[in-house]
Amino acid sequence: MPSNLDTENQLVKSLTDKFKTKIKTEYVKHNRIKISTSQDNLKSLASSVKELGFEQVISQGGTDYPDNNVFRIEYHIICVSKKKLRSIMFSIMTEISKDNPEIETLIDIFPSAEFHEQETYENFGITFIGHPRMERLLLPEDWDDIPPLRKDYVLPGRG
Amino acid sequence: METFEEFVKRILTILFWFLLISPLIIFPVLFLLIPILGIDVTFANEILTATIDPLKAIKLADRYGVGPSSTFFKVAAFPGFTFAALVATLTILYERKLMAKAQLRVGPLYAGRFEGFLQPIADLFKLLGKELVVPEKADKTFFWAAPIISLGLGASLLAVIPLSPTSYIARSDFSLLIPFAIIGFSPLVVLIAAWASSNKFAFIGGLRALHQLAAYEIPMLISILGVVVLTGSFDLMKIVEAQKDVWFIFPQFLAAIIFYITILSELERIPFDLPEAETEIVSGWLTEYTGMHFGLLQLGVYIKFYVLALLFTLLFLGGWNGPAFLPPIVWLLTKLFFVITMIILPRAVLPRLRLDQLIRIGWAWLIALSFINLFIAVIESSLGVI
Amino acid sequence: MQNAAMNIEDKGGDQLVLHVGPQHPGSGHFRILVTVDGDYIVGAKPDPGYVHRGAEKMAEYRDYIQNIPHLERPVIIDATGVTLPYVLAAEKIIDVEAPDRAKYIRMIMAELNRIISHLYWLGIYGIFLGHSTMFMWPMGDRELFIDLAESIGGTRVTFSYVVPGGVRNDMPTNFTERALKTFDYFEKRIEEYKKIFFNNPLMTARTEGIGIMTKKDAIGLGITGSNLRACGIDSDTRKDEPYCLYDNVDFEIPTRKEGDSYARCIVRLEEMQQSMNIMKQVLDLMEPGPIKQVIGGVMRGEPGEAFVRTEAARGTMFYHIVSDGEKNPYRVKISVPSFRNIIGMTHLLVGSRLADMPAIYWSLDYWPVEADR
């Protein structure tokens, strides 16, 4: 594996210059960049990432960490049009409290996140403020249990 | 599990034993009744011999007014309904086999020893055995009426079309116009079926059928006018007689093409099967029909298929004209078989059209071309080509 | 939480709401609520979820090796396409790497699966346009490729063939010979497909200029795979971020500029040719050697996470696996191409004609089971 991280470091540097201490670089590896930020700065970070040329949300997902009482929300963003950036996958991450699972939607910046956010909503119960269709997508209409991808939901018969 | 072959075998066994036992019960009773009713003594004898001698049976039928020359026989058997239904079922089988060969498949194979030739009978039993589901919100009267009207219309088409100089049901000087007058009703059947189903897909299918049939009946009628101009008659007999030397497909090639295309549309066959486009509107106006309801509607459509193919043969391929070493009816059926093949084939190679494309072809192209064809016919007849 | 889809009723007037699916010959396990005004579609709302089984949750209860057959189920017609990225991600967490021969065999399986999946798509597309011959032919030819894959993987569609550390078993010795024979035959068949379907004037009349996706929309909406390449963007994960040994083979990325249904069709046809091209090169490049790095004991990785994307038949398949050091993954996030392509469906259907719905819907190669997981 070639380990020339010039492009990656450049991208991260341009973001740290702009946001200073508001963001934290989790890691910079070959083709992978992960940056975490607070809930409030997520939106401005996302638009800066888009300005860098990353235009598609390939995946958006949450992870439940019951020990810390947080949900970790991640957007994985890629670029398809610029040859130089295509190999890089950019992850931006934030943590929100489980007590008040609300976060602002990013679909005005990334329209491709629409269905992913809907899926996260039904699987974790995280409300995306500003999303036009915060409604069930995959789960059955008569589902009345807690959102299934939370760690405290145990598969029947698997406890 | 009972295979289809075993099933047929069982039915035949029952029939065999019935025929064997019935003389032992029925004839003694008959002989007892003869002196009481005062019937001719030979009557019982005749019935007995008629069961094994077809010629006797024909004579017997003749005496009671149901023989081959009687109107009843003509309407019910040949060249009337039974014959048409037989051709229709064979067409279904032939279509399935032909499509299968084109698509690297085998098609019906198991019913019957040879190439699944008993499949239509198996299908008939399947359809007869199915539950007739009538939707709760359907208009029950019309829902039941549509299949019957459809089959009735199909059957009434047969009334005036001759199969040979001697075999026809009725003669009329306007035998060309009458079938088209009846075909003009078929959009109504579709609309009745579609509306009575109370189903959105059926409704859309019915509307599509209306658009389509209205757009294609006009060029169909105008295209046959060329033939009428050349012969100066609406009588199919005279039209066929006029083709003794030259088939009308040569001087009226354009008309034949237009008529062929409109046949495809009239029968709702690919590429014009929009009213039944299954991936768009489930099964169109047939969506809610099950079992024998569906069977009757399909039979009506396939009898219409037979009639239109027959009309094409009579109008453009010289009907029963042919060298004398074969009887006229054989020539007619050979040509009919060819036309049926030609109508089936597009299904193997063409996709479905879209409604706007279909209507554009109908109203813009076919009508214009059919008028051009009419002029050609007028010029030809004034030059005395035919 | 009531699904708003259930609240849509007929508004009266000229508009009619059609429930296309889940009981519809042209839908699959999936529903689109289509509002039509005359012949035009004025509203379309996809409603997936009829075959949702919670694959992500179930994956948390299985260990790394048990997850392979489990995660294969959503996309059985592209089995390698969906398991390969999972295995690559698991390998990163467990920290093993497959030997070269195993990587080559994985490429062969991935490309065979791409052809199998594309032929399935082509057959259904044929019948969606009312062309029944085009349904039967690809389905018949698909069996040849299934036979090839079966000779490697052991079963017809669900191989569970790729495992962390390599592949399950080596290829049969006569595979090269059989494969080349099949490729020769299929090259000829592609010409016949073109004659009867792709160059058929009625087919082009039905698909050209229908469902046009612009380059900008395709990027913004997150369209992926062949649908993206049909808009003129030559993005393919096999080239963008080569995995296995795709950087050793030389192949082209078929693209079209038009972005309509026809472009999406022809791109997939050319992709099949490119897949055969890749496989021929791989069969040349392959050398005898080990096919598996044996991992002793229960697979369990360091705490950490791995993102992997690969190019499956329908587009970029993405896996995000979080490990906490246990034998089961802590979280498996699957982002499947079909799920990302749904959004394009609403975008393309609105404003088109009802008759174009199947032509647009299936040209996106949407696989409901994959999207629902």
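**Where chains B and C meet**

Tutor: The contact between the two chains draws 24 residues from chain B and 28 residues from chain C. Bear in mind that this is a predicted model.

Student: Which parts of chain C supply at least two residues each to the side that touches chain B?
Tutor: One strand and several helices do: strand E1 (15-20), helix H4 (100-128), helix H5 (133-153), helix H7 (201-207) and helix H13 (357-361) of chain C.

Student: And how many residues on that side of chain C are nonpolar, polar or charged?
Tutor: The side of chain C that touches chain B has 16 nonpolar residues, 8 polar ones and 4 charged ones.

Student: Let's stay with chain C. How many helices and strands does chain C have?
Tutor: Chain C has 14 helices and 8 strands. Its C-alpha trace spans about 70 × 55 × 35 Å along the principal axes.

Student: How does the radius of gyration of chain C sit with a compact globule?
Tutor: It agrees, because a compact globule with 373 residues would have a radius of gyration near 21 Å, and chain C has 21 Å.

Student: What share of its residues is buried?
Tutor: In chain C, 54% of the 373 residues count as buried. As for contacts in chain C with a separation of 6 or more, 70% are between residues 24 or more positions apart.

Student: Switching to chain A: how do strands E2 and E5 pair, parallel or antiparallel?
Tutor: Strand E2 (residues 32-37) and strand E5 (residues 89-97) of chain A pair in the parallel sense, over 6 bridges. Strand E4 (residues 70-78) of chain A also joins E5(A), by 8 bridges, and those two run antiparallel.

Student: One more spot: where is Glu102(A)?
Tutor: Glu102(A) is in strand E6 (residues 102-104) of chain A.

Student: Is Glu102(A) buried or exposed, and why?
Tutor: Glu102(A) is exposed, because 11 other C-beta atoms lie within 10 Å, and a residue counts as exposed with 12 or fewer.

Student: What does Glu102(A) contact, leaving aside neighbours within four places in sequence?
Tutor: Glu102(A) is in contact with Thr127(A) and Ile129(A).

Note on methods: Residues are numbered from 1 along each chain as its sequence is written. Chains are lettered from A and ligands numbered from 1 in the order in which they are written. This is a predicted model: local features need pLDDT of at least 70, side-chain atom pairs count only at pLDDT 80 or more; totals for chains, interfaces and linings use all residues. Two strands pair if DSSP finds at least two bridges between them. Helices (H or I, at least four residues) and strands (E, at least two) are DSSP runs, numbered from the N terminus. Two residues are in contact if their C-beta atoms, placed from the backbone, lie within 7 Å. Ala, Val, Leu, Ile, Met, Phe, Trp, Tyr, Cys and Pro count as nonpolar, Asp, Glu, Lys and Arg as charged, and the others, Gly among them, as polar. A residue is buried if 20 or more other C-beta atoms lie within 10 Å of its own, exposed if 12 or fewer, and partly exposed in between; C-beta atoms are placed from the backbone. The radius of gyration is taken over C-alpha atoms; the globule rule is 2.2 Å times the number of residues to the power 0.38.
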